[in-house]
Amino acid sequence: MELLTKLEELVLIAVLKVKDNAYGISIYNFIVDITGKDVTVSSVYFPLERLVRKGYLRSQKGESTPKRGGMSKKYYYITKSGIKVLEENRLLSQSAWQGVAEILKSAWSI
Amino acid sequence: MFVPPKTPKLLLRLLSSQKDNAYFGDIEELFHFMVETLGPNRARRWYFWEVLKAVPRFALESVRWRLVMFKSAIKIMLRNLQRHKGHSFINISGLIIGLSVCMLMFLYIRFELSFDKFHKNAPSIYRIIAHSQRRDIHFAATEALIAETFKQDFSEVRYAARVRRRGGYLKYEERMFSETTIHYVDPDYLKMFTFPLAAGDANYLEEPFALFISQEMAEKYFKDKNPIGCVLSLNNQYEFIVRGVLANIPDNSSIRFDMLASMSTLNTLWGKKFLNRWISHDFQTYVMLEPKADAGRFEEKLKRFIIPGDEKNPKRELFYSQPLNRIHFRSGLRFDDILTTDYRSIYLLAVISIVILLLAGLNYTTLATARATRRTREIGVRKVVGASQSGLACQFLGESILAALIAFIFSLVLVKSILPAFNQLMSRNLSLSVLSDLPGFLGLTLLVGFAAGIYPAMYLSSFQPAQVIRGTLLLRSKSSSLLRKSLVVTQFVITIAILACLLFINKQIHFLMQKSMSRFENPVLNIYLSDEDLRSRHEPLLQACLQAPGVLDGTASSHHPLGITGGTGINWEGEDRGHFTRFTRVDHNYFDFYGLNLKYGRAFSMDISTDKTEAVIVNETAARDSLWENPVGKRCNIEGEGVVVGMVKDFHYRPLHIKVEPLTIRYISTESFLGGASYISLKIDSQDIPGTLVTLEKTWQQFSPYFPFMYTFLDNTIDGVYRAERQLSRNLTSFTYIAIFLACLGLFGLTSFTVERRTKEIGIRKVMGASKHGILIMLTKDILVWVGLAIVAAYPLAYYAVHEWLKRFAYRIDINPGPFIIATLSSLLIALLAMSFQSIKAAAANPVDSLRYE
C-alpha cells in the first residue's frame with residue numbers, strides 16, 4: 001500500500017466527488033471550498049500529474065473554449081487502483097485516529 | 001473581452017517542460033471568471049500573483065524532468081560509444097592526444113613563467129647588461145667597478161652585488177669533489193635575493209674565505225655533522241670556513257649555484273687590482289633599487305653612464321638593465337651563466353600545443369558529423385516522439401562533452417606517466433598537482449567538448465523528421481563539406497610543414513657534426529689539467545699517457561679544441577694598427593692529430609729549436625684580414641716576437657653559430673712564461689675503452705695523487721654544444737608524430753564520411769560493372785587533390801621557418817628541395833594509407849549488402 005500525501009488524498013477525493021466534470025478548476029474549487037484556504041491554482045496540477053504517473057488517475061483531453069485562450073481542458077478519472085489506494089488510506093487514517101478524540105478531550109481538560 | 005497579461009505566462013512557458021500542461025488553459029478560464037466577479041484590475045493583480053507563485057513549482061518540476069532525461073541520455077551515449085568502438089577509439093584518442101599535449105605544455109609554460117618570481121624583491125632587482133657597440137655584443141658580465149660605482153653615484157640604487165663563478169676541488173677530510181658552481185658574491189647579495197639561510201650568519205659574507213653551502217652540499221661533505229665552522233680546502237691551497245647553510249635553491253631559479261663564497265676572498269686570491277678595474281667583463285652585476293625609486297629614471301642614468309677613461313669615445317660601451325623577472329627569457333648574452341629559456345621557444349610551444357588541440361577538436365567535429373548518416377533514423381524517431389531541436393542538440397553536445405571527459409581521464413593518466421620522461425627531455429622538474437591543476441584542466445576539457453560538439457549538435461538536430469524517415473534527406477551541404485575539406489588541408493599543411501622543418505633541422509645538425517672536429521675513427525679523449533703544477537709537467541704526462549696500451553695518439557694544447565675563446569691583439573711588422581685575433585697554443589702533433597691541413601708552410605717541429613720561441617701559425621681568416629695570400633715569413637708581435645711558419649685552413653674551433661675569426665697559434669712549451677698545456681687530447685682504441693681509462697687513471701695518479709682524473713669525450717662535448725638544436729629536433733619529432741597521427745584521424749574521418757554518403761552509389765556502380773580499383777580511385781582522387789593543395793601551401797611556410805632558423809648559424813646548409821620532396825612523398829603515402837582502410841572496405845563490399853542497407 002502506498003501512503004498518499006494530504007494533498008494527493010484531497011485531489012483524489014475531489015476527482016471522485018466532482019465525477020464527470022473533474023478538471024483543473026473544478027478540483028481547485030473543491031479544495032478551496034473544503035479547506036477554506038486560499039491555495040494557489042498551480043498547486044493542484046503537480047499532485048494530479050503525479051497521480052496519473054502512479055496510475056491512480058487517468059487523464060483525457062477535453063474541449064477548448066475561447067475563454068481558455070484556445071487551450072483544451074484536461075479531464076481526470078479515477079482508476080481501479082486509485083479507488084483501492086484511496087480506500088486503503090481511508091482505513092489507515094481511520095485506525096490511526098481511533099481514540100485520538102478521547103485523548104485530546106482529556107488533554108484539553110487539563 | 002479582457003486578455004490576461006502576457007509576461008508572467010511567458011515566463012512559465014519558458015520554465016515548463018510540458019508545453020501542454022492543462023494549467024495554462026485553466027488559469028485563463030479562471031481569469032475570465034475573476035474579471036466577472038472582481039473586475040478587470042483586481043483580476044489582473046490576482047492573475048499576476050497566481051502565476052508568480054507557480055514559478056517555483058514549475059521550475060522544480062522541469063529540473064526533475066531534465067534529470068530523468070539526463071540519465072537516459074547518458075545511457076544512450078555510453079551505448080553509442082560501445083557500439084561503435086572503432087569510431088569512439090579514434091575520436092577519443094585524438095582528444096586524448098590534444099588534451100595531453102596541452103596539459104604538458106601548460107605545466108611547462110607555467111613553470112617557465114614562474115622563474116625567479118620567488119624572490120621577495122624581484123620587482124626591484126635588475127641585472128646590468130653591457131652593450132659593446134663596436135662588436136655589437138651584449139655582455140651579461142660587466143666590469144669590476146660597476147657595482148660599487150652605481151651604488152655610490154645613483155641615489156636609486158639600494159644594494160649592488162657582483163657575482164663571479166669559479167670552480168675547483170673542494171676537500172673535507174677524505175671527501176673531495178670537483179665543484180663547478182661556487183659563486184663569489186658581494187655582501188649585498190644575500191640582502192637582495194631570497195636565498196634563505198637554514199643556519200649560520202649572513203654577515204660573514206664580508207669576511208674573506210667565508211663559504212655558504214646549500215643543504216645538498218652540506219649532506220655531501222658533512223653527512224650528519226653540523227657544517228658550521230668546518231673547514232673546506234680549495235684545490236689543496238686555500239682554506240674556507242663554512243659560515244652558513246642555504247636552503248636548497250628552488251627549481252625555478254635561473255641563478256643556480258651550490259655554494260656562495262665571499263667576494264673579498266678574490267682580493268686575497270687575485271689581488272685588489274683585479275676587483276678594482278674598468279676593463280674586462282668579469283662579473284655579473286645585480287642592483288636592487290630603493291622601494292620608491294623611479295626605475296625609468298634609473299634606466300636613463302644608466303644609458304648616459306660612461307666608463308671613466310672613455311670620455312673621448314662615449315659610445316664604446318653602453319649599459320642598460322634587465323629586470324630580474326625577465327632574465328630567464330633572454331638567451332644568447334655573452335658570458336651568461338644563468339639558466340635561460342628563450343621566450344620565442346615558449347611562444348612556439350604554446351602555439352603548437354594550441355594548434356594541436358584545435359586539430360584534435362576539429363577532428364572530433366568531422367568524425368561526429370560524418371557519423372550523422374548512421375544516426376538519422378534515431379534523430380527522426382526522437383523528433384517524431386516529441387524531442388525538441390534544442391533538446392536533441394543538448395543531447396549531442398552532451399555526447400561530445402562526455403567523450404572529452406573520458407579523454408580527460410585518460411590524458412591525466414597519460415600525462416602522469418610520461419611526465420618523468422618529459423622532464424628529462426626538457427630538463428625540468430615539473431609535477432602535476434591534482435588539487436590545484438584539475439579544475440583548470442577540467443574547465444579546458446569542458447570547453448573542448450563543447451567547442452568540438454557544437455557544430456555536429458546543430459547539424460544533427462536540424463534534420464527534418466519527415467525527410468529522415470522517408471529517406472529523402474540530402475546530407476550534402478556545401479558549407480559543411482568545405483569545412484571538412486579545409487580541415488584536412490590545414491592538418492596536412494601543418495604536418496608537411498613540420499615534417500619538412502624537421503628534416504631540414506636534422507640535416508643542419510648532421511652538417512654541424514660533419515663540420516665540427518669530430519668523427520674520427522677512434523674516440524678522442526680530452527683531459528683537463530687542473531693546476532699549475534701539473535700544467536708545468538704536461539710533456540712528461542703526455543709521454544706517460546702515450547705509453548699506456550690502447551692509446552694511439554696524443555697532443556697537448558692550451559685550450560679545448562672547441563673552446564678557443566681567448567683573444568688578444570697582434571701587431572704585424574710594418575703596420576701600426578693592431579688586429580684582434582683569437583689565440584691558442586698547441587704542440588707539434590696537434591695538426592696531424594685533429595686532421596687540420598696546412599695550406600702554406602709547415603706545422604711546428606720538435607727538431608727546430610726556434611719554433612718554441614718564435615714560430616707562429618695563423619689561419620686563413622687571419623691572413624685574409626691582412627690581405628695576404630701567403631703569410632709565411634711575416635713577422636709579428638703576439639705575446640712576444642714571432643714569425644709565421646705556416647697557414648692552416650680555417651677550421652671550426654667554436655660552434656658553427658659563429659663565423660671563424662682570425663686565429664694565431666703558437667708552439668706550446670712548459671718553458672714559456674704562459675705556462676704549459678691545460679688540455680691533453682688522446683686518441684684511444686675503441687676496443688677496450690674502460691680498460692684504457694683505468695690504465696690512464698693510474699698514470700694520472702702518479703703525476704697528481706691529489707686531483708681526480710677528469711676527462712670528456714670530444715663527441716660528447718660536441719653534442720653538448722649543439723644541445724639546443726638537438727632539443728629542438730627532439731621536440732619537433734614528437735610534434736611530427738602527433739601531427740601525422742591527427743592528420744590521419746582527420747583523413748580517416750573524411751573518408752568514412754564520403755564512403756558512408758556514397759554507399760548506394762558504390763553499390764550501383766559495382767552492379768553496373770565498375771572494378772574495385774576504379775572505385776578506389778574514385779574515392780581517393782578527390783581527397784588527394786586537397787592534399788596536393790596542402791603541399792603547395794606548406795612549402796612557403798616551411799621555407800620561411802627554416803630560413804629564419806638557419807639565420808642563427810654562420811655556417812648553414814642550403815635550402816634545397818630534397819627534404820620537401822621527402823616530406824611530400826611521405827605525407828602522400830601516409831594519406832593514402834589512412835584513406836585506404838575505409839575505401840578498400842567500401843570497394844570490396846558486396847553490392848547486395850550496400851544496396852540492401854536501407
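This is a predicted model: local features need pLDDT of at least 70, side-chain atom pairs count only at pLDDT 80 or more; totals for chains, interfaces and linings use all residues.
Strands here are DSSP E runs of at least two residues, and helices are H or I runs of at least four, numbered from the N terminus. Both faces of S22(B) are covered. Tyr679(B), Ser681(B) and Lys683(B) lie on one side, and Ile680(B), Leu682(B) and Ile684(B) on the other.

S22(B) runs antiparallel to strand S13 of chain B (residues 524–528), joined by 5 bridges. Pairing requires at least two DSSP bridges between two strands. Ile680(B) is the bridge partner of Ile527(B). Strand S14 of chain B (residues 551–557) is also antiparallel to S22(B), with 6 bridges. There, Val551(B) is partnered by Ile684(B).

At the interface, 20 residues of chain A contact 25 residues of chain B (heavy atoms within 4.5 Å). The two chains bury about 2100 Å² between them, 59% of it on carbon and sulfur atoms. This area is the accessible area (1.4 Å probe) lost on being put together, summed over both parts. Tyr45(A), Phe46(A) and Lys67(A) supply 30% of the area that chain A buries against chain B, more than any other three residues. Helix H2 (24–35), helix H3 (45–54) and strand S2 (72–78) of chain A each supply at least two residues of the touching side. H3(A) gives the most, with 4 residues.

Residues are numbered from 1 along each chain as its sequence is written, and chains are lettered from A in the order in which they are written. Local features need pLDDT of at least 70, and side-chain values use heavy atoms, without hydrogens and water.

Methods. Buried means under 20% relative accessible area, exposed over 50%, partly exposed in between (1.4 Å probe, protein chains only).
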